[in-house]
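Please examine the sequence and the three-dimensional structure shown below. An explanation in running paragraphs accompanies them.

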Amino acid sequence: MKIYVDLIIFLNFMFDFILLLVTNIILKRGTSLKRIILGALVGSLTIVVLFIPFTTSTLFLLKVLLSILIILITFGYKDLKYTLTNLFYFYIVSIILGGFMYYLNVEFSYKNIGMIFYHKGLSINYIFIIIFSPIILLMYKRQMKLIKEINSLKVLEAFQYCRLSEMHLHSST
């Protein structure tokens, strides 16, 4: 089996770029495109770590430290809460995309070798990353915005109800 390292690095760059871009959009950070590209570049080069023999726990710890580095490069450091929020959303977005890729693999019964899915020789990684990832993540962002709006309306209605109840109590005494 042939492994094209440049292709793996490119796919990883695209995936990291999309993850960082969507994290930036969801959190409304206003980070420059240059910093997002730099963070994605560092993230894509970390794929080399997978070819070095580490224990499972060491590899896990290294991946966590590298993801923190990617977040710090992309968004900078303001305080601990800011950094942890960025890291949390970065992980959530990557779980959603990774889960969707897994779903595609199971649903369409693509064969896989490592992280490359193929069906009759056509790799769907290019198609998925370049076309479907932004669409899925923007749909997720719209749903989250809608949920926030609904929740804020419920809070407002509850507040108004409490004020009306309080006014009713004062007027009846």
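This is a predicted model: local features need pLDDT of at least 70, side-chain atom pairs count only at pLDDT 80 or more; totals for chains, interfaces and linings use all residues.

Residues are numbered from 1 along each chain as its sequence is written, and side-chain values use heavy atoms, with hydrogens and water left out.

The protein chain contains 5 helices and 3 strands; these are DSSP runs numbered from the N terminus, with helices being H or I of at least four residues and strands E of at least two. Along the sequence the elements follow the pattern α-α-α-α-β-β-β-α. Of the contacts (heavy atoms within 4.5 Å) between residues at least 6 apart in sequence, 64% join residues at least 24 apart.

Helix H1 covers residues 5-27, 23 residues in total, and reaches 33 Å from its first C-alpha to its last, close to the 33 Å expected at 1.5 Å a residue. That expected span is 1.5 Å times one less than the number of residues. Just after H1, Lys 28 adopts a positive phi of about 55°.

Of the 173 residues in the protein chain, 29% are buried. Buried means under 20% relative accessible area, exposed means over 50%, and partly exposed lies in between (1.4 Å probe, protein chains only). A nonpolar core is a set of buried Ala, Val, Leu, Ile, Met, Phe, Trp, Tyr and Cys residues joined through side-chain atoms within 4.5 Å. The largest such core has 21 residues, and among those with the most contacts inside it are Leu 19, Leu 20, Ile 71, Val 93 and Leu 137. H1, helix H2 (33-45), helix H3 (56-75) and H4 each supply at least two residues of this core, and the largest share, 9 residues, comes from H1.

Met 144 is found in helix H5 (residues 125-172) and is partly exposed, with a relative accessible area of 30%. Met 144 and Ile 26 are 118 residues apart in sequence, yet their C-alpha atoms are 8.8 Å apart in space.

Leu 80 lies in helix H4 (residues 80-107) and is exposed, with a relative accessible area of 53%.
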